[in-house]
Amino acid sequence: MKKRIITMALAVIMLLAVLTGCGDNASNPGNDTPTTQVVKLSVGTGAVGGSVYTTGSGWANVMNNVLAGRYELTAEQTGGTVANVSLIETGEVEIGIVATDILYGAYTGTASWANGVKYQKPLAMFTCDMPSLCPFTLEGSGITTLHDLDGKRVGLGPKGSSIDSVFGVIFEEMGITPSMIHNDTWSATITALQDGVIDAIVVQSPAPWPSLTELEATQTVSMIQMTDDELATIKKLYPFYSDSVIPAGTYKANADFEIKTLCQWSVMAASADVSEQVVYDLLDATFSNYDDLAVINNALKLAVPENAAKVGLKWHPGAEKWYTEHGITLQTPGEGFAPMA
């Protein structure tokens, strides 16, 4: 009897051991070879038809091809860089394209949309384009300078875009009061100009802007050239703007003369909540696949490591690690960040 009891007890112990082993395998399948979890990230871009959307969606596609099985990036259509910086702060997207003027307003809490709140989460990864200001109208409008926009109907693209935010302040500072500010997608804004709904458009984009080039196929465009005083006023308001030119021949409207303007950097920013390793991996993939990115648009031709040293920003720790390892010295930002070098 005792021998039978011992035998039964041993059988029970062996059965429990088997069941326990099966339980471990069920809760952690493939113990010997752990599966790799795909990291999913949302990328805030802009309105369809604008350079920000093309840049963001193009970059996301290249990352998905290069990092397939490890990362999955989804390009989200948004209201633009103001929307992107807010979406990063609230955690609704992990990554987004943001202009330096918007980052300045976010970090310092001085932008009207920030309501005095100093944003903490948007941190720079890499420079991705250098958009310039480009005001224009149709031939015969009589508009030649920014001050001629007083009393006129002006298209500034999507509500919350960088240009919409900046030019509200610029117009007020210059004493310019448009009769209407038209906010819509860039493609709809172009249509509004063609249909006579608005008198002029102010865009901020790397040149040539495809939507303007397409417009010139059917309309005669006139460039609105900013005066030296107007350019100086904008730089005083926003020190991150630098002098620039749109080269002669960029558009039919400036076939034989260059246009004095201002430009600033836009950057791909990541949330502080995104891990250092994820940002490091994305930077490594970005700079290792420059040729694939450069053919997407002119903006991504500026996605090179050396450009990071030209603008003082708050950088993500994963970005700082990558640049340090590759011999790139980043500027130390002041309050908000340092002006562009």
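Mentor: The protein has 11 helices and 12 strands. The model is a predicted one.

Trainee: What share of the residues counts as buried?

Mentor: Of the 341 residues, 48% count as buried, the criterion being a relative accessible area under 20%. The protein exposes about 15,700 Å², of which carbon and sulfur atoms supply 53%.

Trainee: How far apart are Met223 and Asn254 in sequence and in space?

Mentor: Met223 and Asn254 are 31 residues apart in sequence, and their C-alpha atoms are 7.3 Å apart in space. For the protein, 73% of the contacts with a separation of 6 or more are between residues 24 or more positions apart.

Trainee: Which strands form the open sheet, and in what order?

Mentor: Five strands form it, in the order S2-S1-S3-S12-S4, with mixed pairing.

Trainee: What makes S2 and S4 edge strands?

Mentor: Strand S2 (71-76) and strand S4 (122-129) each have a single partner strand, so one side of each is left without a neighbour in the sheet. From one strand to the next, the twist averages 30°.

Trainee: How do you know that S1 and S3 pair?

Mentor: Pairing requires at least two bridges. Strand S1 (residues 39-44) and strand S3 (residues 95-99) are joined by two bridges, in the parallel sense, and therefore they count as paired. Gly44 has Gly96 in S3 as its bridge partner.

Trainee: Which helix packs on the sheet?

Mentor: Helix H9 (residues 276-288) does, touching S1, S2, S3, S4 and strand S12 (266-271). The direction of H9 makes about 5° with that of S4.

Trainee: At what angle do H2 and H9 cross, and what is that arrangement called?

Mentor: The axes of helix H2 (residues 51-66) and H9 come within 10 Å and cross at roughly 100°. Angles of 65 to 115 degrees count as roughly perpendicular, so H2 is roughly perpendicular to H9.

Trainee: Which residues make the contact between H2 and H9?

Mentor: Trp59, Met63 and Val66 of H2 make the contact with Leu282, Ala285 and Thr286 of H9. These residues divide into five nonpolar, one polar and no charged.

Definitions and conventions:
Residues are numbered from 1 along each chain as its sequence is written. This is a predicted model: local features need pLDDT of at least 70, side-chain atom pairs count only at pLDDT 80 or more; totals for chains, interfaces and linings use all residues. Side-chain values use heavy atoms; hydrogens and water are left out. Helices (H or I, at least four residues) and strands (E, at least two) are DSSP runs, numbered from the N terminus. Axes are lines fitted to C-alpha atoms, for helices over the stretch in contact, and angles run from 0 to 180 degrees between N-to-C directions. Contact means heavy atoms within 4.5 Å. Buried means under 20% relative accessible area, exposed over 50%, partly exposed in between (1.4 Å probe, protein chains only). Accessible areas come from the Shrake-Rupley method with a 1.4 Å probe; for residues, only the protein chains shown count as cover. Angles under 35 degrees count as roughly parallel, over 145 as roughly antiparallel, 65 to 115 as roughly perpendicular and the rest as oblique. Ala, Val, Leu, Ile, Met, Phe, Trp, Tyr, Cys and Pro count as nonpolar, Asp, Glu, Lys and Arg as charged, and the others, Gly among them, as polar.
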